[in-house]
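Here are some friendly notes to read alongside the model. Have a look at the structure first, then compare it with the points below.

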Amino acid sequence: MRRSLDLHHIISPGLRDLVELANTDDFDRVTEQVRNLRGCTSPINLHGWTITTDQTTRQVVRSYHSEDEPSGRLLTTCGNRRASRCPACSRLYAADTYHLIKAGLSGGKNVAEAVRDHPRAFVTLTAPSFGPVHNRPTTDAGKPRPCTCGKSHTEDAPELGAPLRPASYGYTGAVLWNAHAGALWARFTTYLRRALAEHLGMTQKALNAALRVSFAKVAEYQQRGLVHFHAVVRFDGPEGHTTSPPTWATFDALRAAVGLAVERARLTVVSDAVGERVIRWGDRFKVDQISALGDGELTDAKVAGYVAKYATKNAEGAGTVDRTLVCGSCSGRGYLRGPDGFRDLCADCDGTGQAERLTDLPVQQHARQMIRTAWALGHLPEFADLKLWKWAHMLGFRGHFSSKSRAYSTTLGALRDVRRAWRTAQAEAARIRAGLPVDDENTTLVTDSSWTYLSSGYRPGEELLAAQVRHDIAHNQQAKREGLVPA
Ligand SMILES: [Zn+2]
Ligand SMILES: [Zn+2]
Ligand SMILES: [Zn+2]
C-alpha cells in the first residue's frame with residue numbers, strides 16, 4: 001500500500017530518497033548502517049561478501065553479502081585523519097592519538113604506570129629564518145609591540161607569516177627545508193643519543209646498555225609555511241617502559257643534550273641549480289619538563305591534547321589547499337607519450353602538469369609562491385626523490401605528520417583492534433539474543449571474502465539520516481561539556 005505514495009509531491013531529492021529507503025524491506029537496517037558511521041562525511045561504499053566456515057564440519061558459521069543490505073551495499077567510514085576532510089573520522093583519530101600519547105606519559109593500554117616518574121620532556125624544534133616575516137612580537141615582559149613593518153597586526157591578519165620583502169625571501173631554502181624536515185628529525189634523534197653520552201662523559205655503548213630514549217612527534221605548520229615539530233621525549237631503563245632509567249639520566253641531562261643535538265644535526269644538499277645548502281634547525285627551540293599528575297604547567301593530559309590536535313591538522317595552518325595539485329592524466333609531466341613515441345601535450349592540464357592553475361588557487365600570495373617554488377624545484381633531476389610535485393600543496397613537506405618510536409606506547413592499530421573486538425563482542429551479544437549460533441573457541445574457523453570498491457558518499461536520503469546522527473553527537477557532546485550527563 002505504501003508504495004502507491006505519490007513521490008512527486010515531495011520536492012527535495014533527499015526527502016524523496018528517504019521515503020524510498022523507508023519503503024525498502026528493512027528501514028531499521030538502513031538507519032543502523034548510517035548510525036554506525038558516526039557522522040562520517042564520505043563513507044566508502046563496498047560490494048562483496050564474507051563467509052566463515054567451520055574447518056572440521058565444513059559448515060557455514062556465518063555469511064554476509066552486501067546484496068542482502070536494503071540498499072545493496074556496505075558502508076564503512078572513510079577513516080580520514082584530517083578535520084578538513086571528515087570532522088567525524090578526524091575526531092576519532094584525535095581521540096586515538098590522545099590515548100596513545102597519554103599512555104606513553106601516564107601508563108595504561110599495556111604501558112607501565114611507572115613511566116610517569118621517568119624524565120619526560122615536551123620538545124619543540126623549529127625551522128631557521130629565510131627572511132623577516134610579518135608577525136606579532138612581544139616585549140620580554142610579554143607586552144605586544146608592533147611588527148617590523150610598523151603596523152600592529154590583528155590575530156587573524158592574512159599578512160601574518162608573509163615575508164616583509166617577498167623579492168628577497170629565501171623561497172628555495174624554505175621549500176628545501178620542508179622537504180628535508182623529516183630526514184633532519186631522524187638525524188636529530190641519532191645525535192641526541194650521542195650528545196647525551198658526551199654530556200654524561202660515557203661511551204655510546206655504555207649509554208645504550210643502560211638507557212632507552214623514546215619519541216612521539218607531530219608536525220605542525222607555522223604561519224610562514226614551514227613545519228615545526230613537537231615531540232614527547234621519554235627516558236626508560238634498558239628494557240623499555242617497564243624498567244626505571246638510571247639515576248644519572250635526568251631531565252637536565254636531556255635538556256643539555258637536546259641543545260647540542262639541535263646545533264649539530266645538519267644535512268647538506270648539493271645541486272648545480274641551487275648550489276650547496278645546509279639544512280639545519282632554527283635557533284629557537286624549547287625543552288619543557290612534563291610534570292606528573294598536574295602539579296606543574298605542562299601536564300600529561302595537556303601534552304596529549306596538544307599532540308592530538310596537531311595530528312588532525314594538515315597544512316591548514318599555513319593557509320594552503322588540502323589536495324594534491326598533480327594532473328592525474330600526465331602525473332605532473334605535462335605530456336603524454338603517443339604511440340609513435342613523440343610527446344603529446346597533455347590536454348587536461350595544457351602541459352602545466354597541474355590539476356589546477358596555481359594562479360586560481362584560493363590561497364595567499366606567500367603560500368602560492370611556496371607552491372610555485374616547490375613545483376619549479378620538482379623539475380630538477382637532483383630533487384626527484386623529494387617528489388616535490390606531489391607534495392607542492394604541502395609546501396614541500398612529505399614526512400609523516402605523526403610518528404613514534406616503537407618503545408613509546410601502544411599503536412593506533414592496537415587501539416583500532418580494541419574497538420573492533422568490542423564491536424565483535426556486541427555483534428555476538430546480538431546473535432545470542434537472536435538465538436543464532438555463537439562461535440565455539442575450540443573450532444577452527446576460516447574466513448573467506450571478496451570486496452570491491454563502488455564509490456564514496458551517501459545516497460541523498462542517507463545524507464539526511466547522517467545529518468541527524470551528527471546533530472545527536474553534537475548535542476551529546478554539548479550535554480557532556482555542560483555536565484548534564486557523565487562524560
Ligand atoms: Zn569519515
Ligand atoms: Zn608587519
Ligand atoms: Zn596533465
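1. Let me start at a metal site. H153 is buried, because its relative accessibility is 7% (buried means under 20% relative accessible area, exposed over 50%, partly exposed in between, with a 1.4 Å probe and protein chains only). H153 (NE2) coordinates the zinc ion (ligand 2) together with H134 (ND1), C147 (SG) and C149 (SG), at 2.0 to 2.3 Å. Donors here are N, O and S atoms within 2.8 Å of the metal (3.2 Å for Na, K and Ca), and sites may look incomplete because water is not among the atoms. C147 is buried too, at 5% relative accessible area.

2. Before going on, a word on conventions. This is a predicted model, in which local features need pLDDT of at least 70 and side-chain atom pairs count only at pLDDT 80 or more, while totals for chains, interfaces and linings use all residues. Residues are numbered from 1 along each chain as its sequence is written, chains are lettered from A and ligands numbered from 1 in the order in which they are written, and side-chain values use heavy atoms, with hydrogens and water left out.

3. Geometry of the zinc ion (ligand 2): the angles among its four donor atoms run from 104 to 121 degrees, and the site is tetrahedral. For reference, the ideal angle for four tetrahedral donors is 109.5 degrees. The donor spacing in sequence is H-x12-C-x1-C-x3-H.

4. The zinc ion (ligand 1) has C40 (SG), C78 (SG), C86 (SG) and C89 (SG) as protein donors, 2.3 to 2.4 Å away. Because C40 sits in the loop between helix 2 (27–36) and strand 1, and C78 in the loop between strand 3 (74–76) and helix 3 (87–106), the pair ties together parts 38 residues apart in sequence. Helices (H or I, at least four residues) and strands (E, at least two) are DSSP runs, numbered from the N terminus. C40 is buried at 0% relative accessibility, whereas C78 is partly exposed at 25%.

5. At the zinc ion (ligand 3), C327 (SG), C330 (SG), C346 (SG) and C349 (SG) coordinate at 2.2 to 2.3 Å. The arrangement is tetrahedral because the four donor atoms subtend angles of 105 to 114 degrees. Along the chain the donors are spaced C-x2-C-x15-C-x2-C. C327 is buried at 4% relative accessibility, and C349 is buried at 6%.

6. Which way do strand 1 (residues 44–54) and strand 2 (residues 60–65) run? They are antiparallel, joined by five bridges; pairing requires that DSSP finds at least two bridges. T52 stands opposite R62 in strand 2. The two strands form a hairpin with five residues between them, and R58 in the turn has a positive phi of about 60 degrees.

7. On charge pairs, a search of the whole structure finds 16 salt bridges (a side-chain nitrogen of Lys or Arg within 4 Å of a carboxyl oxygen of Asp or Glu). E20 pairs with R459, with the closest N and O atoms 3.8 Å apart. E20 lies in helix 1 (residues 13–22) and R459 in the loop between strand 13 (445–456) and helix 10 (460–481), so this pair ties together parts 439 residues apart in sequence. D17, E20 and R459 are linked in a network of salt bridges. R29 and E69 also meet in a salt bridge, at 2.8 Å from N to O, and E69 is buried at 7% relative accessibility.

Note on methods: Four donors count as tetrahedral if all angles lie between 85 and 135 degrees; four count as square planar and six as octahedral if opposite donors are over 155 degrees apart and all others between 65 and 115; anything else is irregular.
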